[in-house]
Amino acid sequence: MSLPSIPLTQRTWETEFCKKPIVYKAFNIGLQSILLQVSDKNTPAKDRIDAIRQIVGECIVNKDEIDVNELPSFVLELLFIKIRCISVSDEVRLNFKCTNEIGNKSCGTPIEVVIDLETVDINVDAEHKSVIDAGGFKLHLKYPTIQMAADLADLGDGVTAEHVIKEFLVYITQGEEVWQMSDFGNEEKLEWVQGLGLDVQIDIMKNFFVNLPSIKIVKEFKCVTCGYDHKLEFNNLNQVFM
Ligand SMILES: [Zn+2]
């Protein structure tokens, strides 16, 4: 007889950003060391991303329906938070020093900030859209995965409309007709992108790329020493653990 297998807490999350509901379970003890890499502030951003992806990948129950490597970065990050809530705690404690200047000196009072992870949600700008109209056609864009988001952050201001369209345009529709971008070669795609009007390129940059959805964590608190009102705001997990 083998030892009984004790089931871990399991939950389901339905989000408009995923075609299928995501079924996830709590961390097991085996993942503890990877978990420490996520919260260690000395972990380089790239390694933290890998650690988050690895943990979430292990905790997704319906792996046949949900591919961790295809999840939009903000879905992956919120899923990690949700998994942490059922495994460890729904709070995260951050150590912060008051940066308010009094005279010429920084106040410097150490403050422990407690963030309630149950309040974290995905923030979508009212103007945001992932389907762009272009002369009777509809361009359907996909969201960057956490790896793509990191690569884009490295590129900084060097990201062009051409680059975004090449990376994120999945298919084009007009009425019933569908063109899958994966059916075409790179050269053909590039030529097509270059033929797009400037207004379409601007629409894509302004209403898709610049205001991509993100997780949003906001915490307001007062310094007990100087009374300064602080407001912390995070849009991704790397900022939380930096
Ligand atoms: Zn202070």
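Q: Where does Asn-28 lie?
A: Asn-28 sits in the loop between strand S2 (22–25) and helix H1 (32–39). Helices (H or I, at least four residues) and strands (E, at least two) are DSSP runs, numbered from the N terminus. Residues are numbered from 1 along each chain as its sequence is written. This is a predicted model: local features need pLDDT of at least 70, side-chain atom pairs count only at pLDDT 80 or more, and totals for chains, interfaces and linings use all residues.

Q: Is Asn-28 buried or exposed?
A: A residue is buried if 20 or more other C-beta atoms lie within 10 Å of its own, exposed if 12 or fewer, and partly exposed in between, with C-beta atoms placed from the backbone. Asn-28 has 12 other C-beta atoms within 10 Å, so it is exposed. Between Asn-28 and Leu-8 there are 7.8 Å in space, C-alpha to C-alpha, and the two are 20 residues apart in sequence.

Q: What is the mean pLDDT of the protein?
A: pLDDT is the predictor's confidence in each residue, from 0 to 100. Where pLDDT is low, the predicted coordinates should not be read in detail. Here the mean is 91, and 100% of the residues reach 70 or more. Among the elements, S2 has the highest mean pLDDT (97) and helix H8 (residues 237–241) the lowest (79).

Q: How many helices and strands does the protein have?
A: The protein has eight helices and 13 strands. Its C-alpha atoms fill a box of roughly 70 × 60 × 30 Å, taken along the principal axes. Of its 242 residues, 21% count as buried.

Q: Which domains is the protein divided into?
A: Domain bounds come from an automatic or database domain assignment. In this case they give domain 1 (10–92), domain 2 (94–123 + 214–241) and domain 3 (131–209). The contact between domain 1 and domain 3 takes eleven residues from domain 1 and seven residues from domain 3; two residues are in contact if their C-beta atoms, placed from the backbone, lie within 7 Å.

Q: Which helices each supply at least two residues of the side of domain 1 that touches domain 3?
A: They are helix H2 (45–59) and helix H3 (73–87). H2 gives the most to that side of domain 1, with four residues.

Q: Which strand does S3 pair with over seven bridges?
A: Two strands pair if DSSP finds at least two bridges between them. S3 pairs with strand S6 (residues 110–116) in the antiparallel sense, over seven bridges. Within this pairing, Asn-95 has Glu-112 in S6 as its bridge partner. Strand S3 (residues 91–97) lies largely in the open, because the number buried among its seven residues is zero.

Q: What is the order of the open sheet of four strands?
A: In a regular strand the side chains alternate between the two faces of the sheet. The order of this open sheet is S8-S9-S10-S11, with antiparallel pairing. Strand S8 (131–134) and strand S11 (177–180) are the edge strands, each pairing on one side only. S11 and strand S10 (residues 169–174) are joined by four bridges in the antiparallel sense, and Thr-173 has Val-178 in S11 as its bridge partner.

Q: Which helix packs on the sheet?
A: Helix H7 (residues 198–209) packs there, touching S8 and strand S9 (137–141), and its direction makes about 160° with that of S8. Axes are lines fitted to C-alpha atoms, for helices over the stretch in contact, and angles run from 0 to 180 degrees between N-to-C directions.
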